[in-house]
Amino acid sequence: MKQAPDWSVVQERMRPGRLTRDGMLGNDARPPAEIIDADAAALARAGVTCREIAERLHRITELARKALGNPVEIAPALEAWMEEGMGRMSCPFGDPGRWPKAVTYLRHRPTGRLLQWSDLGIHMIEEHGFFEGKGSAFRIQPEEIMGQIDVKHADES
Ligand SMILES: [Zn+2]
């Protein structure tokens, strides 16, 4: 287990204009620890771990990264692509290390539903169980990502 973070510092870093322009909490009034607990409970009910979701997002991200901005088919109804930005991002939980400003998009073709995440976002899911606040453009609703990608039985491609 990691050392418990200083939650007031973490929450402050997640505000708009600190580490990211729009912040990481959206319009979610809950403190980050509460968001993490609620998502952890939903994942436990579904029998999926943060690590399993993060590994799947990692694989999609690497496929998109290799395609250099072009869309890549993840599954018959799913395509992904990446937009790389300048610079790097820091983790609001205070870990050392910087993550490239790259955003991976995943579109479900039949519905047009678009999910997006950053490299830092995967790290926050994997290491902190943090999926971002409700209303954040980068929030990944755990049950939604599980509905779109088969987290447990992902095809290796
Ligand atoms: Zn971190």
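This is a predicted model: local features need pLDDT of at least 70, side-chain atom pairs count only at pLDDT 80 or more; totals for chains, interfaces and linings use all residues.

Numbering runs from 1 along each chain as its sequence is written.

Is Glu-84 exposed, partly exposed or buried? I get partly exposed, because 13 other C-beta atoms lie within 10 Å. The cut-offs I use: 20 or more other C-beta atoms within 10 Å of a residue's own is buried, 12 or fewer is exposed, and in between is partly exposed, with C-beta atoms placed from the backbone. Not counting residues up to four places away in sequence, Glu-84 touches Pro-100 and Ala-102; contact means that the C-beta atoms, placed from the backbone, lie within 7 Å. I also checked Gly-69, 15 residues from Glu-84 along the chain, and the two C-alpha atoms are separated by 8.0 Å.

Next entry, Asp-95. I located Asp-95 in the loop between β2 and β3. Asp-95 is partly exposed, with 16 other C-beta atoms within 10 Å. From Asp-95 to Asp-28 I read 23 Å, C-alpha to C-alpha, across 67 residues of sequence.

Then Trp-117, which sits in strand β4. Trp-117 counts as buried because 24 other C-beta atoms are within 10 Å. Which residues does Trp-117 touch, not counting residues up to four places away in sequence? I listed Leu-57, Thr-104, Ile-122, Phe-138 and Ile-140. Arg-98 is 19 residues from Trp-117 in sequence and 16 Å from it in space, C-alpha to C-alpha.

On to the core. I looked up the largest nonpolar core, which has 26 residues; such a core is a set of buried Ala, Val, Leu, Ile, Met, Phe, Trp, Tyr and Cys residues joined through C-beta atoms within 7 Å. Ile-53, Ala-54, Leu-57, Ile-60, Trp-117 and Ile-125 touch the most other members. Two or more residues each come from α2 (32-46), α3 (50-66), β2 (78-90), β4 (113-118), α4 (119-128) and α5 (142-148). The largest share, 6 residues, is from α3. For Ala-54, leaving aside neighbours within four places in sequence, I noted contacts with Ile-122, Ile-125 and Glu-126.

How do the axes of α3 and α4 cross? They come within 8 Å and cross at roughly 160° (axes are lines fitted to C-alpha atoms, for helices over the stretch in contact, and angles run from 0 to 180 degrees between N-to-C directions). So α3 is roughly antiparallel to α4; under 35 degrees would be roughly parallel, over 145 is roughly antiparallel, 65 to 115 roughly perpendicular, and the rest oblique. On the α3 side I see Cys-50, Arg-51, Ile-53, Ala-54, Leu-57, His-58 and Thr-61, meeting Asp-119, Ile-122, Ile-125 and Glu-126 of α4.

I also went along α4 itself. Its buried residues are Asp-119, Leu-120, Gly-121, Ile-122, Met-124 and Ile-125. Their cover includes α3, β2, β3 (98-108) and β4. After α4 comes Gly-129, with a positive phi near 65°.

Last entry: positive phi outside glycine. Leu-68 has a phi of about 55° and is in the loop between α3 and β1 (72-75). Leu-68 is exposed, with 10 other C-beta atoms within 10 Å. Glu-132 has a phi near 80° and belongs to the loop between α4 and α5. Glu-132 counts as buried, because it has 26 C-beta neighbours inside 10 Å.

How values were computed
Helices (H or I, at least four residues) and strands (E, at least two) are DSSP runs, numbered from the N terminus. Two residues are in contact if their C-beta atoms, placed from the backbone, lie within 7 Å.
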